[in-house]
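Here are some notes on the model you sent over. They go chain by chain, then element by element.

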Amino acid sequence: MSGPMHLTDCGLPGIKAIPYGIHMCHFFRGQDDLAAALVPYFAAGLRSNERCIWITAPPLHAGDAAAALEQAGLDALALERKGALLIRDYTDWYAKVDSDAADILGRWLHEEERAIADGYSGLRITGNTSFVQSGDWSAFMDYEELLNREQSSRRIVTLCSYALGQCSAVDVLDVVRRHAGTLDRPDAGWQFLTSC
Amino acid sequence: MGPLSGPRTIGRMKQSSHTSWRKLLAEPGKDGHIVQLYQDDDFYGEAISHFTAEGIARGESVILVATKAHWQNISGRLRGKGFDPEQLFRLGQLTLLDADDMLPKFMASNLPDGGIFKPLARQTIEKARAGGKFPRVRWWGEMVNCLYVEGNVKGSHRLEQFFDQVAHEETVAIFCSFLMDKFDPKIYDEAFGNVCRTHSHVIPADDYARHRLVVNRAVTEVIGDIKGSLLQSLVSWKPDASLMPSSQALLLWVKEHMPRHFEPVLVRARELENDSQARPSA
């Protein structure tokens, strides 16, 4: 990895270096929109020797995610075999955790420790939250708040994806207030709309 | 949110402090300064008695500065929660002061005198600590509200600032209650801004879920979907320092960015709230 050790390449055109520990979000409108953010995000992570974990949910399932990476010239299968990349559907990933927000967070922190022990520079995560039901929204926001606080000192970068069509104006504020940065692509390039 | 089923684990995450004021009042932080906007005696009494009961249960000392009429409401609820105020007074764990007696002690020319008030507040806190028996102290009072209700907005704000200073200096959690209508546009001219500047947390409503629902719907009906440049403005917006539910923060964003829609949104939110309260529960 080039550059200062606490910075890494975001990968999204228009955004340059981001610090490890950053917990970001973006709002997507559809499958293409989602892939347009996450494929370059992961391509940069793989280039930077980070272990990448992609938790998928509709409208972009695990198979679609792998195909999107293949289209960008990345050999998803080989990367998975090597252990640099893990693509899992939310039902496979979260179902293995049988407890609360702290346990899910603990699993991420453990993945980061494992990645570093295996010689990676850090851990790069994304999770599509489209599966979260309205009744679980507040609890999920607590989890986001916890993650935002606890990952800030770790070699983890996270980009959480929120389906814009599923979010009310109040939901949007909930999400933005629980992430250190909100990314948007108003034109050709990406930019941070908020960063704390 | 979508119709998809989430994994069981998310559903079992702990209940949020963002869905209810109860957790916040139970654990206000060592020098948190929380304010409740209320209009009905039930919400008022329940919040104060909850704050008090949770403090007592945690072994803290609690100071209450109430008017006589309001003490009836609070003490009745404390008894209902299994606490005996008389016994707590004897133990020194509960201190009750009369707001109407206290106020004249430090008011000068219709404004609180910090040189008198702050030492008085410090003495009260010191006494509540009972020589170290109760290292943690929490304080609820309505003197600031008394001044506000009398129309002394300047005096009320000044006293709140003094309270805030004492809370930080003495590491005491403070809870205030304001008789304020959250859907009255007039409070947003000055009073609500003052409240946000002097408190760490704002509790704008008894029922957070209902508040969220009516504000969301009022915004959608009056303004429409928030998208394009409006969405960018919302996402980029940084509200004042005090923490409040996102539904209340959204109202402040509307006021700042779409002032001509602000009053219609409040009017519609009130109508929706009244409708939902009139409707029998399912």
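This is a predicted model: local features need pLDDT of at least 70, side-chain atom pairs count only at pLDDT 80 or more; totals for chains, interfaces and linings use all residues.

1. Chain A holds seven helices and nine strands. Its radius of gyration is 15 Å, close to the 16 Å that the globule rule gives for 196 residues, so chain A is as compact as a globular protein of that length. Along the principal axes, the C-alpha atoms of chain A fill a box of roughly 40 × 40 × 35 Å.

2. Burial and contact range in chain A. Of its 196 residues, 51% count as buried. Take the contacts in chain A between residues at least 6 apart in sequence: 74% of these join residues at least 24 apart.

3. Chain B overall. Here the secondary structure comes to 14 helices and eight strands. A compact globule of 282 residues would have a radius of gyration near 19 Å, and the 20 Å of chain B agrees with that. The box filled by its C-alpha atoms is roughly 60 × 50 × 35 Å, again along the principal axes. Buried residues make up 40% of the 282. Of the contacts in chain B with a separation of 6 or more, 79% come from residues 24 or more positions apart.

4. Helix α3 against helix α4, chain B. How do these two helices pack? Residues 41-57 form α3(B) and residues 68-80 form α4(B); the angle between them is about 55 degrees and their axes are 9 Å apart. An angle of 65 to 115 degrees would count as roughly perpendicular and one under 35 as roughly parallel. The pair is therefore oblique. The crossing is right-handed. On the α3(B) side, the contact is made by D41(B), G45(B), E46(B), I48(B), S49(B), T52(B) and A53(B). On the α4(B) side, N73(B), I74(B), R77(B) and L78(B) take part.

5. Helix α9, chain B. This helix covers residues 153-170, 18 residues in total. From first C-alpha to last, α9(B) reaches 26 Å, close to the 26 Å expected at 1.5 Å a residue. Its buried residues include H157(B), L159(B), F162(B), F163(B) and V166(B). Just after the helix, T171(B) takes a positive phi of about 55 degrees.

6. A167(B). Leaving aside neighbours within four places in sequence, A167(B) is in contact with D31(B), H33(B), V172(B) and I174(B). E256(B) is 89 residues from A167(B) in sequence and 30 Å from it in space, C-alpha to C-alpha.

7. Helix α13, chain B. Residues 246-257 make up this helix, which has 12 residues. Its first and last C-alpha atoms span 16 Å, close to the 16 Å expected at 1.5 Å a residue. Among its buried residues are L250(B), L251(B), W253(B) and V254(B). What do the buried residues of α13(B) pack against? One partner is in chain A: α7 (169-176). The partners in chain B are β8 (201-203), α11 (208-222), α12 (228-236) and α14 (259-278).

Conventions:
Residues are numbered from 1 along each chain as its sequence is written. Chains are lettered from A and ligands numbered from 1 in the order in which they are written. Helices (H or I, at least four residues) and strands (E, at least two) are DSSP runs, numbered from the N terminus. The radius of gyration is taken over C-alpha atoms; the globule rule is 2.2 Å times the number of residues to the power 0.38. A residue is buried if 20 or more other C-beta atoms lie within 10 Å of its own, exposed if 12 or fewer, and partly exposed in between; C-beta atoms are placed from the backbone. Two residues are in contact if their C-beta atoms, placed from the backbone, lie within 7 Å. The expected span of a helix is 1.5 Å times one less than its number of residues. Axes are lines fitted to C-alpha atoms, for helices over the stretch in contact, and angles run from 0 to 180 degrees between N-to-C directions. Angles under 35 degrees count as roughly parallel, over 145 as roughly antiparallel, 65 to 115 as roughly perpendicular and the rest as oblique. A crossing is left-handed if the near helix is turned anticlockwise from the far one by less than a right angle, and right-handed if clockwise.
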